[in-house]
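Have the viewer open and follow along.

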Protein chains: 2
Amino acid sequence: MPKKTDNAAAFVTEITPRSQDFSRWYLDVVRRAELADYSPVKGCMVIRPYGYAIWELLRDALDRRFKATGHVNAYFPLFIPEGLLHKEAEHVEGFAPQVAYVTIGGGEVLEEKLVVRPTSEAIIGTMYAKWVQSWRDLPILINQWANVVRWEKVTRPFLRTTEFLWQEGHTAHETEAEAEEETLRILALYREVAEQELAMPVVPGRKTDSERFAGALRTYSIEALMGDGRALQAGTSHNLGQNFAKAFEIQFQARDKSLQHVWGTSWGVSTRLIGGVIMTHGDDSGLILPPRVAPHQVVIVPIPRGNWQETVLPKARALRDELTAAGIRVMLDDRDSYTPGWKFAEWELRGVPVRVEIGPRDIEQGQVVMVRRDTREKATVPMSELGKRIGPVLEDIQQGLLARARQFRDEHTTHVETYEQFKEVMEGRPGFIVAPWCGSAACEAQIKAETQATIRNLPLGEQRSAGKCVKCGGAAVTEAYFAKAY
Amino acid sequence: MPKKTDNAAAFVTEITPRSQDFSRWYLDVVRRAELADYSPVKGCMVIRPYGYAIWELLRDALDRRFKATGHVNAYFPLFIPEGLLHKEAEHVEGFAPQVAYVTIGGGEVLEEKLVVRPTSEAIIGTMYAKWVQSWRDLPILINQWANVVRWEKVTRPFLRTTEFLWQEGHTAHETEAEAEEETLRILALYREVAEQELAMPVVPGRKTDSERFAGALRTYSIEALMGDGRALQAGTSHNLGQNFAKAFEIQFQARDKSLQHVWGTSWGVSTRLIGGVIMTHGDDSGLILPPRVAPHQVVIVPIPRGNWQETVLPKARALRDELTAAGIRVMLDDRDSYTPGWKFAEWELRGVPVRVEIGPRDIEQGQVVMVRRDTREKATVPMSELGKRIGPVLEDIQQGLLARARQFRDEHTTHVETYEQFKEVMEGRPGFIVAPWCGSAACEAQIKAETQATIRNLPLGEQRSAGKCVKCGGAAVTEAYFAKAY
């Protein structure tokens with residue numbers, strides 16, 4: 001917690017301006033807004049209470065929807081015997097370089113090394129093989145909230161850390177069609193949460209083979225565009241086909257009495273989404289939180305003049321209680337060791353959607369001052385009306401942030417036909433590029449090598465005539481979304 | 001999922017009777033009620049959806065109370081560099097034999113081994129040293145929901161597993177008095193949750209020095225009595241004094257400008273509580289769940305006679321929707337591949353508090369049959385009244401289970417004055433023994449060696465004149481609760 005200062009400006013300038021150095025701005029916001037902190041463990045962060053409160057709101061928003069679509073939660077072991085990870089060949093190849101191994105337990109060297117889960121297909125597949133006998137046991141629709149570990153060389157809080165928190169859904173179905181339906185249902189659910197809760201517009205689509213999850217048949221993703229024009233993969237949903245079912249022998253007696261392998265899916269989003277929120281909405285003053293995931297939706301700052309503790313404070317407390325009773329998350333900042341100016345700057349930095357100021361003169365006039373974080377718009381509101389005004393204002397901020405982010409995304413999405421245009425955009429004002437692609441991994445790789453842009457995903461559904469590949473000029477099979485990515 | 005059978009009795013007898021072999025009964029219930037399953041990882045279990053749903057309800061009940069008492073959640077790294085664990089001498093001595101080490105990450109042997117957290121005092125203390133500067137930064141009241149790992153030789157689902165889920169609170173205070181107050185506040189909170197939510201009466205008290213948490217000044221616990229007369233330590237709350245503050249240099253500038261070490265507490269309960277619920281309330285037919293932590297509080301079983309799918313099923317669905325809208329957790333078991341008798345037995349085994357049966361004749365007469373799991377009492381209830389009858393019945397079951405468990409506990413608590421009586425009780429009809437104790441670790445150890453009974457805890461508050469030590473006959477300093485324990 002920073003110490004008392006009368007100079008709010010000095011406090012705010014501790015943050016690198018976003019326009020000057022986006023990457024440093026991001027780290028400054030994470031640290032100064034007390035979202036996360038570095039830990040003594042290489043590549044691992046501490047999620048501080050303010051950051052964790054965002055995660056709790058996001059988790060609840062997801063969990064509600066998982067349950068409404070028939071999913072249940074369960075918990076599987078953190079450790080995976082090395083041999084299990086090796087059962088699915090592509091899967092182990094994808095993850096082996098990134099795993100952490102437990103080799104000693106209870107004072108003894110283990111006979112078989114244990115992998116700290118980088119993802120849980122292997123352990124869950126093993127259990128499903130025990131649990132599934134008949135088509136009557138299907139579908140299995142299980143989700144897990146858990147920590148996972150993937151050894152990373154370069155890390156950044158929330159975006160890429162060795163340990164992170166996530167949810168991973170793992171389902172098993174009777175038919176291929178059901179598995180594909182589930183994969184896309186979850187993709188739509190992720191999109192809904194990103195847009196409705198985080199006010200973060202996303203592009204849903206299918207990953208190319210080179211970006212497919214290790215062991216999956218098809219991977220879908222939602223991709224968001226950050227304030228610096230780089231894309232963030234914000235969630236993935238995999239149709240596993242029968243790959244894991246065959247590797248782990250998950251078989252069932254079908255309706256026609258034949259023995260079949262189940263069709264699987266897996267899908268996940270993580271604390272990375274918090275990084276997405278920061279980079280979608282923040283500005284030079286710091287964080288801007290969408291109300292639905294803001295730990296404090298409203299902060300009340302009493303103005304300490306005269307005998308304010310007898311006059312202003314009781315009124316401020318009554319307002320807090322009134323708003324709290326109306327279901328609003330309110331913080332009353334009644335600390336007497338900080339000035340109002342300092343508090344204004346601090347809560348702006350921490351992204352609280354609405355600030356309410358109340359001083360002796362306001363009380364005389366039966367009013368408060370309400371300030372929006374997104375537009376900085378100030379309004380004088382009769383105290384008696386605050387309760388019914390706040391809800392619509394929060395909703396307006398939520399929708400306004402989404403609209404603003406969508407406009408930014410659209411303004412930074414360029415359709416190009418030629419590789420010259422492609423490079424020009426990527427060098428000048430990066431964002432999404434939509435361009436025709438021939439489907440070859442070679443073109444994809446060359447574009448990446450030359451421009452750092454990767455194919456984020458391919459549009460879903462019917463393709464309109466796609467023209468000529470932006471790289472090789474051959475017949476295009478699809479359009480693709482390209483971007484430099486986190 | 002067990003397969004269709006018309007013989008409900010055969011199904012139920014798959015469980016070892018509780019009276020015959022309590023330990024096997026416990027394992028049978030855990031497996032057959034689908035609470036948990038063995039995993040391919042030694043000592044680690046899978047918490048299945050039904051067991052995890054109980055954990056979610058318990059977690060929410062705790063989390064609400066933590067937040068209402070000013071605590072916030074955060075998340076700290078899973079890994080602790082070995083050197084940090086060694087900073088507090090007693091702490092490392094207590095935990096070192098039980099830890100799992102990560103020695104390889106990202107394909108390389110690590111320079112410093114990483115401990116998979118057995119508890120988080122070391123990593124959290126390190127962070128608090130960064131965060132605390134002034135008395136204004138205190139208190140810090142942080143809780144973490146996490147998995148922890150303690151290598152165990154003998155494991156039992158929920159009660160003792162290598163990995164388990166828990167919450168661990170870690171707080172830092174200005175004064176010793178505040179830390180003690182927090183320690184006891186949480187002990188009272190744990191007692192409230194155990195009794196009000198789990199209907200599991202507990203004895204709160206202080207641990208002896210030999211049972212103290214490694215590194216604590218004082219450890220308090222709540223102790224419950226299981227159906228076989230053995231005690232279960234159900235939660236602990238530690239006053240850490242300044243031990244960790246000194247080891248991790250958590251210092252602050254006090255109000256008088258002097259530099260002081262903070263006073264710490266830590267406290268936790270775990271998935272072990274689910275084991276406590278099973279062993280407190282279950283009977284020969286299986287689990288009995290207190291309504292507040294029952295994933296399904298009511299199961300509706302339609303009786304398939306005649307054209308029941310046109311007549312009974314729509315009515316059953318309407319009842320389900322009505323009860324759900326009233327905030328009751330309802331399961332409609334409309335599977336057509338199982339008989340009603342099979343379903344009755346299954347949901348009894350899974351401990352659902354209330355069963356509602358509805359058949360064609362019931363519909364003609366505008367009624368349903370309501371059966372309580374705890375007393376097996378059957379009642380015919382007008383369909384129109386079910387909605388308002390269910391709530392009070394669930395509350396009655398909740399209170400009834402607590403009263404029954406309390407009566408069992410009281411009937412199995414014996415006050416003894418002599419060691420002869422002590423051994424007689426322990427050999428005959430075990431439970432809690434309350435006896436005077438001189439305070440010496442030698443007597444405590446001898447009693448344990450000779451009877452397997454340990455001191456569970458010492459009563460809080462003023463002691464009445466305690467008499468002579470039950471073991472050595474010396475002057476007793478306190479009464480103590482003894483029991484064989486899990």
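## How the two chains meet

Let's start with the interface, keeping in mind that this is a predicted model. On the chain A side, 46 residues are in contact with 47 residues of chain B. The biggest contributor on that side of chain A is strand E5 (residues 100-105), which supplies six residues. Sorted by class, the chain A side that touches chain B holds 30 nonpolar residues, 10 polar ones and six charged ones.

E5 does something else worth a look: E5(A) pairs with strand E5 (residues 100-105) of chain B, in the antiparallel sense and over five bridges. To find one of these bridges on screen, pick A:Gly105, whose bridge partner in E5(B) is B:Ala100. As a reminder, strands of a sheet pair through backbone hydrogen bonds, either parallel or antiparallel.

The interface tells a matching story. Of the interface residues of chain A, 100% are also interface residues in chain B, so the copies meet through the same surface.

## Two helices crossing in chain A

Next up is a helix pair inside chain A. Helix H3 (residues 49-68) and helix H7 (residues 176-197) of chain A have axes that come within 11 Å and cross at roughly 140 degrees. Angles over 145 degrees would count as roughly antiparallel, and H3(A) and H7(A) are therefore oblique to each other. Their crossing is right-handed.

Which residues make the contact between H3(A) and H7(A)? From H3(A) come A:Leu58, A:Ala61, A:Leu62 and A:Arg65, and they meet A:Leu189, A:Val193 and A:Glu197 of H7(A). By class, that contact of H3(A) with H7(A) has five nonpolar residues, two charged ones and no polar ones.

## A four-stranded sheet in each chain

In chain A, four strands form an open sheet in the order E20-E21-E23-E22, with mixed pairing. Strand E20 (413-415) and strand E22 (454-457) of chain A sit at the edges with a single partner strand each, so one side of each has no neighbour in the sheet. From one strand to the next, the twist averages 40 degrees. E20(A) runs parallel to strand E21 (residues 432-437) of chain A, and three bridges join them. Within that pair, A:His415 stands opposite A:Val434 in E21(A).

Over in chain B, there is an open sheet of four strands with mixed pairing, ordered E20-E21-E23-E22. Its edge strands are strand E20 (413-415) and strand E22 (454-457) of chain B, each pairing on one side only. Neighbouring strands of this sheet are turned against each other by 40 degrees on average, direction ignored. E20(B) and strand E21 (residues 432-437) of chain B run parallel and are joined by three bridges.

A few backbone details are worth checking before you set anything up. Most residues other than glycine have a negative phi, and most peptide bonds are trans. The peptide bond from A:Leu138 to A:Pro139, however, is cis, with omega near -5 degrees. You'll find A:Pro139 in the loop between helix H6 (121-131) and strand E7 (140-149) of chain A. In chain B, a cis peptide bond joins B:Leu138 and B:Pro139, with omega about -5 degrees. B:Pro139 lies in the loop between helix H6 (121-131) and strand E7 (140-149) of chain B.

Then there's A:Glu34. Its phi is near 60 degrees, a positive value in a residue other than glycine. A:Glu34 belongs to the loop between helix H2 (22-32) and strand E1 (36-38) of chain A.

Terms used: Residues are numbered from 1 along each chain as its sequence is written. Chains are lettered from A and ligands numbered from 1 in the order in which they are written. This is a predicted model: local features need pLDDT of at least 70, side-chain atom pairs count only at pLDDT 80 or more; totals for chains, interfaces and linings use all residues. Two residues are in contact if their C-beta atoms, placed from the backbone, lie within 7 Å. Ala, Val, Leu, Ile, Met, Phe, Trp, Tyr, Cys and Pro count as nonpolar, Asp, Glu, Lys and Arg as charged, and the others, Gly among them, as polar. Two strands pair if DSSP finds at least two bridges between them. Axes are lines fitted to C-alpha atoms, for helices over the stretch in contact, and angles run from 0 to 180 degrees between N-to-C directions. Angles under 35 degrees count as roughly parallel, over 145 as roughly antiparallel, 65 to 115 as roughly perpendicular and the rest as oblique. A crossing is left-handed if the near helix is turned anticlockwise from the far one by less than a right angle, and right-handed if clockwise.
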